[in-house]
Amino acid sequence: MTIAEVSKAYGLTPDTLRYYERIGLIPTVHRTAGGIRDYTEEDCNWVAFAKCMRSAGLQVEALVEYVMLCQQGDETIPARKHILLEQRQQLLARMEEMQQTLDRLNGKIEHYDSIVLPAEKKLRRDC
């Protein structure tokens, strides 16, 4: 696939794809004899992985390290697992924070629905 096709398929700009490759967030993409990026299924799997992990807010540095370790082979499996476990813990902490924020918003909305809306209705009736 060309960079334009991958860009469209994954909702990332070509510049983002080039950036991900340049910093090592995805391994070096295969190229044609003319030097044009030619994304294989494996390359696309890396793009999907990077997009998913970044969308969840995982740290770029940790993901770059993970990709680098993957390229070094099976002897890095324990280190890769450690990175994923750390990132999962950080994601769980952020999710807890987000849940607390959502709970607070829901409380405010309930307050609005139970107090403010009836007061507004009363004011409209009194007019």
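This is a predicted model: local features need pLDDT of at least 70, side-chain atom pairs count only at pLDDT 80 or more; totals for chains, interfaces and linings use all residues.
Q: At what angle do H4 and H5 cross?
A: The axes of H4 (residues 60-72) and H5 (residues 77-126) cross at roughly 160° and come within 9 Å. Helices here are DSSP runs of H or I with at least four residues, numbered from the N terminus; axes are lines fitted to C-alpha atoms over the stretch in contact, with angles from 0 to 180 degrees between N-to-C directions. H4 and H5 are therefore roughly antiparallel (angles over 145 degrees).
Q: Which residues make that contact?
A: From H4 they are Ala-62, Glu-65, Tyr-66, Leu-69 and Cys-70, and from H5 Ala-79, Arg-80, Ile-83, Leu-84 and Gln-87. Contact means heavy atoms within 4.5 Å.
Q: Is Gln-87 buried or exposed?
A: Gln-87 is buried, with a relative accessible area of 3% (buried means under 20%, using a 1.4 Å probe and protein chains only).
Q: What does its side chain reach?
A: The side chain of Gln-87 reaches the backbone nitrogen of Gln-59 at 3.2 Å. Not counting residues up to four places away in sequence, Gln-87 touches Leu-58, Gln-59 and Ala-62.
Q: Turning to H3 and H4, how do their axes cross?
A: The axes of H3 (residues 41-55) and H4 cross at roughly 155° and come within 11 Å. That makes H3 roughly antiparallel to H4.

Definitions and conventions
Residues are numbered from 1 along each chain as its sequence is written. Side-chain values use heavy atoms; hydrogens and water are left out. Helices (H or I, at least four residues) and strands (E, at least two) are DSSP runs, numbered from the N terminus. Angles under 35 degrees count as roughly parallel, over 145 as roughly antiparallel, 65 to 115 as roughly perpendicular and the rest as oblique. Buried means under 20% relative accessible area, exposed over 50%, partly exposed in between (1.4 Å probe, protein chains only). A polar contact is a pair of N or O atoms within 3.5 Å; within protein, one must be able to donate a hydrogen and the other to accept it, and residues adjacent in sequence count only if both atoms are side-chain atoms.
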